[in-house]
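Welcome! Let's get to know this structure together, one question at a time.

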Amino acid sequence: MKMMTCTALAAAMAALFAQANAADLGSDEQKVSYTIGVDMGQSIAQIDQNKSLDLDALIEGLKQAYAGDDLELSQEEMEAAMKSFAESRMKEMQAEMEKVANENAEKGKTFLEENKSKDGVKTTDSGLQYLVLEEGEGTQPQEGDSVTVNYEGRLLDGTVFDSSYDRGEPITFKLNEVIPGWTEGLQLMKEGGKSTFFIPAELAYGEQGAGPAIGPNSTLVFDVELLGVNDDGAEAAPADGEATAEQK
């Protein structure tokens, strides 16, 4: 319900502040006031996920600014406070990201160590693991070739983050334009073949991850079907998903 910026919300909320209260929402003005308050509260909650702000001080600042009263903090003090808050929040986010990255790295290491001994699973020198589901009989692609594939990508917990099957159409791309795990894995296949790739983070999206779907240091699993190796003139048509095999 992000209809307004926080500044606009504050001004609008203050304009109707005296007319609304939590116990009585009978009039249109009170309902509008409440709606603006909800919208403002949701916006602030996204910024202050730890719920560390003082709501009494927030409301007091809102009232003083709207009424044109003298403010209790100077502009310099307010700017310094906001800078400190932003820096603190950034440190918290970085710490949380590092925690998730370490957890994902450990999960990936454990998974790959157990997975490599399963029937049919092979491991390359780079650390890529793959399982041939169906041998192909056609052309075997080389790095730089354009290929057309169907695929499904999953996290280790089974969450599907991208799938050409779900979209109802395959994708076409060049092997030197995708994550290293795909570049290597597809060169081990032939047209018509199907394989599962178990890709360690360093051959996927590494410490950065890819959007909200793929966290840092995530080991990924892809079921891949190589439909064709195209002529050099084939134009790549990448998938529309947020986290595909393409390099970000």
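Q: Is Asp 223 buried, partly exposed or exposed in this predicted model?
A: The model is predicted, and its value for Asp 223 is a relative accessibility of 23%. Buried means under 20% and exposed means over 50%.

Q: Which residue forms a salt bridge with Asp 223, with the closest N and O atoms 2.7 Å apart?
A: Side chains of opposite charge can pair when their charged atoms come close. For a salt bridge, a side-chain nitrogen of Lys or Arg must be within 4 Å of a carboxyl oxygen of Asp or Glu. At 2.7 Å between the closest N and O atoms, the partner of Asp 223 is Arg 154.

Q: How many residues apart in sequence are the parts that Asp 223 and Arg 154 tie together?
A: Asp 223 belongs to strand 7 (residues 220–230). Arg 154 belongs to strand 3 (residues 146–154). The pair therefore ties together parts whose separation in sequence is 69 residues.

Q: Which residues are linked with Arg 154 in a network of salt bridges?
A: Arg 154 is buried, with a relative accessible area of 18%. It forms a salt bridge with Glu 152, where the closest N and O atoms are 2.9 Å apart, and Glu 152 is partly exposed at 22% relative accessibility. Arg 154 also has its salt bridge with Asp 223. The residues networked with Arg 154 are Glu 152 and Asp 223.

Q: Why is strand 3 largely enclosed by the rest of the structure?
A: A residue counts as buried when its relative accessible area is under 20%. Strand 3 has nine residues, and it is largely enclosed because the number of them that are buried is eight.

Q: How many bridges join strand 3 to strand 7?
A: Strand 3 and strand 7 run antiparallel. In this pairing, Val 147 stands opposite Val 229 of strand 7. The number of bridges joining the two strands is nine.

Q: Which residue in strand 5 stands opposite Thr 148?
A: Strand 3 pairs with strand 5 (residues 171–174) in the antiparallel sense, over four bridges. Across from Thr 148, the residue in strand 5 is Thr 172.

Q: Which residue takes a positive phi in the hairpin of strand 3 and strand 4?
A: Strand 3 and strand 4 (residues 160–163) pair in the antiparallel sense over three bridges, with Arg 154 opposite Val 160 of strand 4. The hairpin has five residues between the strands. The residue with a positive phi, near 95 degrees, is Gly 158.

Q: Where is the salt-bridge partner of Arg 167, buried or exposed?
A: The side chain of Arg 167, which is partly exposed at 30% relative accessibility, meets that of Asp 162 in a salt bridge at 2.6 Å, N to O. Asp 162 has a relative accessible area of 5%. That value is under 20%, so Asp 162 is buried.

Q: In which helix is Glu 60?
A: Glu 60 gathers with Asp 54, Asp 56, Asp 69, Asp 70 and Glu 72 in a patch of negative charge on the surface. Glu 60 is partly exposed, with a relative accessible area of 34%. Its place, within residues 55–67, is helix 3.

Definitions and conventions: Residues are numbered from 1 along each chain as its sequence is written. This is a predicted model: local features need pLDDT of at least 70, side-chain atom pairs count only at pLDDT 80 or more; totals for chains, interfaces and linings use all residues. Side-chain values use heavy atoms; hydrogens and water are left out. Patches are made of residues with over 30% relative accessible area and no salt bridge: like charges are joined within 9 Å, nonpolar side chains (Val, Leu, Ile, Met, Phe, Trp, Tyr) within 5 Å. Accessible areas come from the Shrake-Rupley method with a 1.4 Å probe; for residues, only the protein chains shown count as cover. Lys and Arg count as positive and Asp and Glu as negative; His and the chain ends are not counted. The place of a charge is taken as NZ of Lys, CZ of Arg, CG of Asp or CD of Glu. Buried means under 20% relative accessible area, exposed over 50%, partly exposed in between (1.4 Å probe, protein chains only). Two strands pair if DSSP finds at least two bridges between them.
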